[in-house]
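Here is a short note for a colleague who is meeting this structure for the first time. Please read the points with the model open.

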Amino acid sequence: MENGTRGMPYIRFLDGIRFVAITWVFLFHLQQYFGLSDHGLVGFVETRGWMGVDLFFVLSGFLITSILLREHAATGRISLRKFYLRRALRIWPVYYLLIALTVAGTVIAFALGDRSKGIETVFSAIKWPAMELTDMYAAYANTENCALLHSWSLAIEEQFYLIWPLLLVWNVRWAKRVALFAIVAITGWRTWLVYHMPTGVEIVRRTYYAPDTRMDQLLYGAILAFILLNTRQAQIFSKLIKRWDVQAATLMIFLASLYINTRWSGHLGNAIGYSMDAFSMAIGIGYLTVVRPRWALAVLEWQPLVYIGKISDAIYLFSPCCRMG
């Protein structure tokens with residue numbers, strides 16, 4: 001996720017939001033790994049920590065679309081070559097270093113006599129992260145037996161970055177319409193899958209990992225970027241988001257998504273839970289951008305949080321905590 005690129009002003013609190021997202025994910029993995037209690041308020045928040053990934057998705061869609069739209073407004077075009085080069089230089093060095101270290105560690109452990117994981121098995125599993133297809137492998141192979149499984153979310157983002165700029169280059173106005181249609185279509189498709197596939201871990205993995213059931217969350221962020229960069233729409237949004245009833249309704253939607261989203265929840269959570277949290281997260285980012293409440297920015301713009309947010313991608317990739325599950 002980029003911030004302060006190609007003419008986009010640096011928005012400090014967005015890195016604070018990334019800190020919130022990575023911390024929430026950490027809490028989830030710690031709770032899963034150590035079997036911490038899921039009772040009480042703390043347990044309730046921890047068991048929903050995977051929703052930190054959803055927050056990353058919404059923020060990514062917002063930032064990338066804002067950057068591309070600003071470039072288009074300033075120059076009348078979008079340079080795909082420069083965009084893809086920036087993306088490659090930003091994440092690939094760290095990402096493929098992690099893959100290389102994982103392979104090297106496996107070879108060394110095998111040479112020292114550790115046969116807990118066959119070297120052929122590891123090399124077979126590592127090919128999916130290497131091709132940035134971990135999400136599809138985890139979703140369609142109905143298994144979580146994959147080295148660097150946590151790279152599934154990065155794979156979804158990279159696939160989005162591959163497709164979305166092409167639509168914007170083709171036609172900015174139609175790209176917005178496609179995004180709106182895709183949000184509705186993906187929500188409908190996910191709901192159909194949930195209610196027509198056999199209930200069990202397979203459908204949870206299918207809806208949780210697959211790009212065709214999760215990419216709408218990035219599009220909620222993209223739609224927010226379209227709104228805030230359109231003068232008339234931004235004015236309307238500003239008037240609405242400053243109303244207490246709109247703020248209350250957004251908060252209620254988010255709290256309702258927390259209630260029904262447990263990842264291993266029933267049909268309702270897997271069908272529309274992803275939509276509810278992404279929608280409310282996008283509105284929340286819009287609220288912070290437009291209203292700029294001092295109490296929230298005082299926290300989100302605190303330097304230690306901002307610094308951790310800036311390097312959250314690397315922390316996520318290399319953290320043993322994230323690779324627990």
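1. Start with a definition. Two residues are in contact when they have heavy atoms within 4.5 Å of each other. By that test, A234 touches I227 and L228, leaving aside residues up to four places away in sequence. Please keep in mind that this is a predicted model.

2. Stay with A234. This residue is found in helix α12, which covers residues 231–241. Its relative accessibility is 17%, so A234 counts as buried, the cut-off being under 20%. Now look from A234 to G286. The two are 52 residues apart in sequence, and their C-alpha atoms are 9.6 Å apart in space.

3. Next, helix α3. It has 25 residues, and 20 of them are buried, so the helix is largely enclosed by the rest of the structure. Its length can be checked. At 1.5 Å a residue, α3 should span 36 Å. Its end C-alpha atoms are 36 Å apart, which agrees. After α3 comes G76, with a positive phi near 80°.

4. As background, nonpolar side chains tend to be buried together in soluble globular proteins.

5. Aromatic rings deserve a look. The count is 16 aromatic pairs. Take F57 and W152. Their ring centres are 6.0 Å apart and their planes stand at 85°, so this pair is edge-to-face; the cut-off for that label is over 60 degrees. F57 lies in α3 (residues 51–75) and W152 in α7 (residues 152–170), so the pair ties together parts that are 95 residues apart in sequence. Are these two residues buried or exposed? F57 is buried, at 0% relative accessibility. W152 is buried too, with a relative accessible area of 4%.

6. A further pair is F83 with Y161. The ring centres are 6.5 Å apart and the planes are at 85°, so this pair is edge-to-face. It links distant parts of the chain: F83 is in α4 (residues 80–111) and Y161 is in α7, 78 residues apart. F83 counts as buried at 1% relative accessibility. Y161 counts as buried at 2%.

7. Rings also gather in a group. One aromatic cluster is formed by W50, F57, W152, Y208, Y209 and Y274.

8. Now a buried acidic residue, D216. It is placed in helix α11, residues 216–228. Its relative accessible area is 0%, so D216 is buried. Which side chain does the side chain of D216 meet in a polar contact? That of R190, at 3.2 Å. Leaving aside residues up to four places away in sequence, D216 touches I183, I186, T187, R190 and S275.

9. Last, check two backbone angles. Most residues other than glycine have a negative phi. E132 is not a glycine, yet its phi is positive, about 55°. It is found in the loop between α5 (119–130) and α6 (134–140). With a relative accessible area of 12%, E132 is buried.

10. The other angle belongs to R292. Its phi is near 50°, a positive value in a residue other than glycine. R292 is found in the loop between α14 (267–290) and α15 (294–300). Is R292 buried or partly exposed? At 40% relative accessibility, R292 counts as partly exposed.

Definitions and conventions
Residues numbered from 1 in each chain as written. Predicted model: local features only at pLDDT ≥ 70, side-chain atom pairs only at ≥ 80, totals over all residues. Heavy atoms only, no water. Phe/Tyr/Trp six-rings, centres within 6.5 Å; stacked < 30°, edge-to-face > 60°. Helix = DSSP H or I, 4+ residues; strand = E, 2+ residues; numbered from the N terminus. Buried < 20%, exposed > 50% of the residue type's maximum accessible area, 1.4 Å probe, protein only. Expected span 1.5 Å × (residues − 1). Polar contact = N/O pair within 3.5 Å; in protein donor to acceptor, adjacent residues only side chain to side chain.
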